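Thanks for coming. I have one structure for today, so let me put it up and go through it element by element.

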Amino acid sequence: MPELPEVETVRKGLEKLVTGKKIASVEVLWGRIIEQPEKELFELSLQGQKIDKIERRGKFLIFKLTDFDMISHLRMEGKYEFHESKEDPVAKHTHVRFIFTDDTELRYLDVRKFGRMVLVEKDKSNEYKGILSLGPEPIPEVFLLEPFRAGLKKHHKAIKPLLLDQKLVTGLGNIYVDEALWEAKIHPEQSADTLTKMETEALYQSIIDVLARAVEAGGTTIRSYLNALGEAGKFQISLHAYGQTGEPCLRCGTPIQKTKVAQRGTHFCPNCQKLKVRKSR
């Protein structure tokens, strides 16, 4: 699934490609991609709309249009392709076509059909149910240590699934949780409320660091991810835990192990990331 760095990279690419373009028509080829309004009203409402800018909140793309916000969630394998001509052959798994007045086109493709689009009133995207419950973005200006520490103390659940639920901080998916926990030397099943002050500070810094480096690298290419310019991400060459099963830990040389935590494939160093038995703090 595209995570925050991949979605941010897509946003940057789309911003270069379609900002300022005016939509002549929209064709929805698979109606269930559109969550609201109904397919026909979605197509009609977007006619004549100009794309002013493209924002991101967590893993959601937000197209800021003349009169609406269009929210796009890529889910597992959704992606956008820009075409210089609307006459280009339409590839399999193309579900939405945005045709611009200059005859260029933006297409949404999704092999698994899990992605969704929602049209809401202008500047109301933050009230959308999927965005409303998100925690802060993982940047120091809004993601603050003390609220993060307090949030961890409220939960006895394992740290990995807690980070995946997007409420304490948004944007972490399976890949980057594994990487942040490896960097902070914390076992993925360690109870959140048993983390020490030093561990909490290390995890806080590692979340910011890992996601910032991944954004800079254009994300991680696992299977089919490409950005809006058709380019693969480069962060996979910097992975220390995720997908490294059997490879020596870069800190201690112990082979990286893979297990399941909360039904998710999870990678960790059994030497650097020991599960510690502690009472809730």
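Start at Arg57, which stands opposite Phe60 in β4. Before going further, the provenance: this is a predicted model, where local features need pLDDT of at least 70, side-chain atom pairs count only at pLDDT 80 or more, and totals for chains, interfaces and linings use all residues. Residues are numbered from 1 along each chain as its sequence is written, and side-chain values use heavy atoms, with hydrogens and water left out.

Back to that pair of strands. β3, residues 51–57, pairs with β4 in the antiparallel sense over 6 bridges. The two form a hairpin with 2 residues between them, and Gly58 in the turn has a positive phi of about 60 degrees. On terms, strands are DSSP runs of E with at least two residues, helices are runs of H or I with at least four, and both are numbered from the N terminus. Two strands count as paired if DSSP finds at least two bridges between them.

Next, the open sheet. It has 4 strands in the order β1-β7-β8-β6, with antiparallel pairing. At the edges are β1 (23–28) and β6 (78–83), each pairing on one side only. On average, neighbouring strands of this sheet are turned by 15 degrees against each other, direction ignored; the axes are lines fitted to C-alpha atoms, and angles run from 0 to 180 degrees between N-to-C directions. Between β1 and β7 there are 5 bridges, antiparallel, and Ser25 has Ile99 as its bridge partner in β7.

Now the helix. α1 covers residues 4–18, and at 1.5 Å a residue its 15 residues should span 21 Å, which agrees with end C-alpha atoms 21 Å apart. The expected span is 1.5 Å times one less than the number of residues. How much of α1 is buried? 11 of its 15 residues are, where buried means under 20% relative accessible area with a 1.4 Å probe, protein chains only. Among them are Leu4, Val7, Val10, Leu14 and Val18, and also Glu6, Glu8 and Arg11. Just after α1, Gly20 takes a positive phi of about 90 degrees.

A search of the whole structure finds 1 cavity of 30 Å³ or more, meaning a set of points on a 1 Å grid over the protein atoms alone where a 1.4 Å probe fits but cannot get out. The largest cavity holds about 60 Å³, the volume being the space filled by probe spheres set on the points. Its lining residues, those with an atom within 4 Å of a point, include Ile23, Ile51, Phe63 and Phe98. β4 (60–65) and β7 (94–100) each supply at least two of the lining residues.

Terms used: On a 1 Å grid over the protein atoms alone, a cavity is a set of points where a 1.4 Å probe fits but cannot get out, and a pocket is an open set with protein on both sides within 12 Å along at least five of seven lines; lining residues have an atom within 4 Å of a point. Buried means under 20% relative accessible area, exposed over 50%, partly exposed in between (1.4 Å probe, protein chains only).
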